[in-house]
Amino acid sequence: MVSSHWIGLGYNQNPQPPSGTSWSAADWNRMVSRTDYMKPGVVRVMFNLPWFWSGTDAGGTYDFTSAAYLNAEKVIKHYVDKGVPVVSGLFGIGDLTYTSPNTATVQTTLVKRLQAAGAAPAYWVGVNEPNVANDSKTHTYADWQTATTTLASAFATAGVDTTRTVISGADSAEAGISSYGGDLGRQTAPECISGCNAALVWKLAALNTFTAQIYADSPTDTAITFQTSSDGTAWKNLAFAPPAPVALVTGKNGGGIWSYTYTASGITGSKYLRLSVASSTLEHSIGSMHIANNNNTTLEDPLDDLTQTQAAMNTGTWKGNNSWWLRSAQSGLLGASEAHFYGQELYGADPAYVEPVMKEAVSQIRLAALGGPVLLGETGMKALQYPDGNKDYRFALDTTQPLRMADLAVQEARSGVDGAAAWCLDGYASTTFCGMWGRGNDDPDKVSAHSTALRPWFYTWSLLTRYLPAGSTIHAPAEPTGVRVLAAQLPGGGWTFVLVNRTSVAQAVRLTEPTGSITLNKYLYTVGATPSTDANGFPTKVGTLTKDFTNGHTLTVGASSVLMFTTAS
């Protein structure tokens with residue numbers, strides 16, 4: 001059983017209509033029909049500042065009668081009325097200053113207006129991806145702390161009902177964790193106190209072996225030193241052959257991170273282990289540390305769990321400005337922890353990296369945060385980029401995207417997140433055709449960048465949002481190599497099973513769950529085959545299965561396929 005409080009899967013939605021300045025009946029009814037089928041667990045709807053505000057820190061005016069504002073309010077209220085939690089905030093702050101009290105006041109005024117209109121977002125995330133430089137604006141984590149503290153104060157002063165809308169975040173882009181073993185702290189040592197090395201020290205009686213995973217910005221790094229000591233005062237260097245660096249696909253600077261795995265055994269007469277990084281211009285990060293002694297006592301210490309570190313012996317200055325997700329969870333300012341994570345499969349990364357990375361990340365978040373859900377406000381595939389910097393969204397049209405997104409969702413659910421919103425529902429700007437259908441006047445019966453035709457990945461994502469409802473208990477059964485497997489016990493009774501086969505041959509999966517005899521509806525998506533749908537393009541079942549999985553039953557999923565069984569209708 002996965003330790004989560006499952007809210008469900010959903011999507012990011014542009015609240016502005018696909019044509020005209022206000023929602024037409026045809027556009028609205030198409031959107032409602034499709035999203036009603038999906039039954040999302042969470043929806044993210046962000047505001048652009050000009051929809052309701054014009055001005056600077058020196059002053060400005062609100063306009064809550066504009067078509068753009070009323071469109072957004074209408075969309076949010078639609079979901080609130082259905083009991084769907086909405087994540088909201090500002091995409092940008094225009095001419096405002098991030099840390100200014102006026103910026104907090106503008107946000108607070110908007111939230112109060114939404115609450116009064118019966119359109120209260122459940123989660124307010126402030127500003128989209130504040131850790132990403134945007135044109136001339138670059139924010140530090142300290143800026144986020146100031147801005148969020150000021151926002152909380154403004155909420156309290158204005159009487160925002162925080163039982164209906166809680167401050168969440170940090171809404172940070174965390175794609176880089178794909179290369180760091182889930183270590184959200186990414187403690188780095190590009191410099192140190194004059195005349196010293198940056199160091200971390202662990203203590204374990206009768207130290208015998210250790211394995212450490214280190215990341216560096218160089219394939220020829222020589223800055224790492226390990227030392228041992230019996231008393232924490234006198235130290236001696238450990239000598240061993242340097243490990244072979246492993247290049248990682250990260251999307252960061254088009255790559256450029258290497259993993260080093262250091263191992264040592266047969267250590268005697270020592271209680272302390274010290275890791276030192278020489279003063280360097282390079283980034284160094286610790287993904288994990290595993291230490292053991294002859295009595296089989298072990299210490300598993302991801303760097304952000306420093307309970308075994310001797311603080312007095314930390315002789316250097318370790319920097320960690322990159323992980324806003326973890327640091328914000330530790331801040332005590334949030335009612336929910338929320339960030340963005342995109343899989344790096346399109347960059348050549350093995351799709352299977354997501355679950356172990358996210359599982360480690362989520363475990364650190366849960367230890368840091370005092371309750372509240374852990375959400376992915378954006379998730380999906382990290383898009384490749386054209387030379388001019390624009391993103392290539394053609395992947396959203398292809399027939400492999402249903403497989404990729406189902407794979408991603410299953411791994412994220414197994415990792416322990418409480419919910420995730422896919423990027424995106426039906427697109428944003430004309431170049432951002434990221435959705436499950438598009439906006440525009442292309443042939444509505446043919447999939448294209450600017451057609452309202454349902455795209456292939458609607459099939460699998462709609463099944464996942466519909467049949468993994470809020471309140472489900474997520475299970476993570478054993479998986480054959482190349483196959484993702486999820487079992488969910490539904491809140492009203494019944495079960496959903498999801499199998500995603502990323503291999504080129506059929507795979508047998510044995511499931512053992514306390515189901516009793518149940519009848520399951522079967523849905524199937526296979527790359528290259530036309531799935532079964534109704535006149536609206538919505539998935540239809542391809543059969544039923546009556547079985548008892550209590551003592552185990554084997555299911556077979558075809559090559560490059562997503563197979564779902566559910567007792568729900």
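Q: Which residue lies over the face of Trp-28?
A: Lys-74 does, at 4.3 Å from the ring centre. Remember that this is a predicted model.

Q: What sits over the ring of Trp-437?
A: The charged end of Arg-34 sits there, 4.9 Å from the ring centre.

Q: How many helices and strands are there in the protein chain?
A: The protein chain has eight helices and 29 strands. Next comes burial. Of its 569 residues, 54% count as buried. Now contacts. Take those with a separation of 6 or more: residues 24 or more positions apart account for 77% of them.

Q: Which strands make up the closed barrel?
A: Follow the order of pairing. The barrel has eight strands and runs β1-β2-β5-β6-β7-β17-β18-β21, with parallel pairing.

Q: How many bridges join β2 to β5?
A: Two bridges join them, and the strands run parallel. Strand β2 covers residues 43–44. To read a bridge, find the partners. Val-43 has Val-86 in β5 as its bridge partner.

Q: Which strands does helix α2 touch?
A: Helix α2, residues 67–81, packs on the sheet and touches β1 (8–12), β2 and β5. Its direction makes about 155° with that of β5. Another helix to look at is α8. It lies across β1 and β21 and runs at about 135° to β1.

Q: How many bridges join β5 to β6?
A: Three bridges join these parallel strands. Ser-88 has Trp-124 in β6 as its bridge partner.

Q: Why is strand β6 largely enclosed by the rest of the structure?
A: Count its buried residues. Strand β6 spans residues 123–127, and five of the five are buried, so the rest of the structure largely encloses it.

Q: Over how many bridges do β6 and β7 pair?
A: They pair over two bridges, in the parallel sense. Tyr-123 stands opposite Val-166 in β7. Strand β7 covers residues 166–173. Six of its eight residues are buried, so β7 too is largely enclosed by the rest of the structure.

Q: Over how many bridges do β7 and β17 pair?
A: Five bridges, again in the parallel sense. Strand β17 spans residues 336–343. Ala-173 stands opposite His-340 in β17.

Q: How do side chains alternate in a regular strand?
A: They alternate between the two faces of the sheet.

Q: How many aromatic pairs are there?
A: The count comes to 31 aromatic pairs. To read one, take the distance between centres and the angle between planes. The rings of Trp-23 and Trp-28 have centres 5.3 Å apart and planes at 80°, so this pair is edge-to-face.

Q: Are Trp-23 and Trp-28 buried or exposed?
A: The cut-off for buried is under 20% relative accessible area. Trp-23 has 10%, so Trp-23 is buried. Trp-28 has 14% and also counts as buried.

Q: What kind of aromatic pair do Phe-91 and Tyr-428 form?
A: An edge-to-face pair, 6.2 Å centre to centre, with 85° between the planes. Now place each ring. Phe-91 is in the loop between β5 (86–90) and α3 (101–116). Tyr-428 is in the loop between β21 (419–422) and α8 (456–467). The pair therefore ties together parts that are 337 residues apart in sequence. Phe-91 is partly exposed, at 22% relative accessible area.

Q: Which residues do ring pairs link into a cluster?
A: Phe-47, Trp-51, Phe-52, Trp-53, Tyr-62, Phe-64 and Tyr-69.

Q: Where does Tyr-62 lie?
A: Tyr-62 is in strand β4, residues 59–62. At 32% relative accessibility, Tyr-62 counts as partly exposed. Leave out residues up to four places away in sequence, and Tyr-62 touches Phe-52, Trp-53, Thr-105, Val-106 and Thr-109. Its side chain makes a polar contact with that of Thr-109, at 3.2 Å. Tyr-62 and Leu-110 are 48 residues apart in sequence, and 9.1 Å apart C-alpha to C-alpha.

Q: Is Gln-411 buried or exposed?
A: Gln-411 counts as buried, at 2% relative accessibility. Its place is in helix α7, residues 401–415. The side chain of Gln-411 makes a polar contact with the side chain of Asp-407, at 2.6 Å. Beyond four places in sequence, Gln-411 is in contact with residues including Pro-351, Tyr-353, Glu-355 and Arg-484.

Key: Residues numbered from 1 in each chain as written. Predicted model: local features only at pLDDT ≥ 70, side-chain atom pairs only at ≥ 80, totals over all residues. Heavy atoms only, no water. Helix = DSSP H or I, 4+ residues; strand = E, 2+ residues; numbered from the N terminus. Buried < 20%, exposed > 50% of the residue type's maximum accessible area, 1.4 Å probe, protein only. Contact = heavy atoms within 4.5 Å. Polar contact = N/O pair within 3.5 Å; in protein donor to acceptor, adjacent residues only side chain to side chain. Phe/Tyr/Trp six-rings, centres within 6.5 Å; stacked < 30°, edge-to-face > 60°. Lys NZ or Arg CZ within 6 Å of the ring centre and 35° of its normal. Pairing = 2+ DSSP bridges. Axes fitted to C-alpha atoms, helices over the stretch in contact; angles between N-to-C directions.
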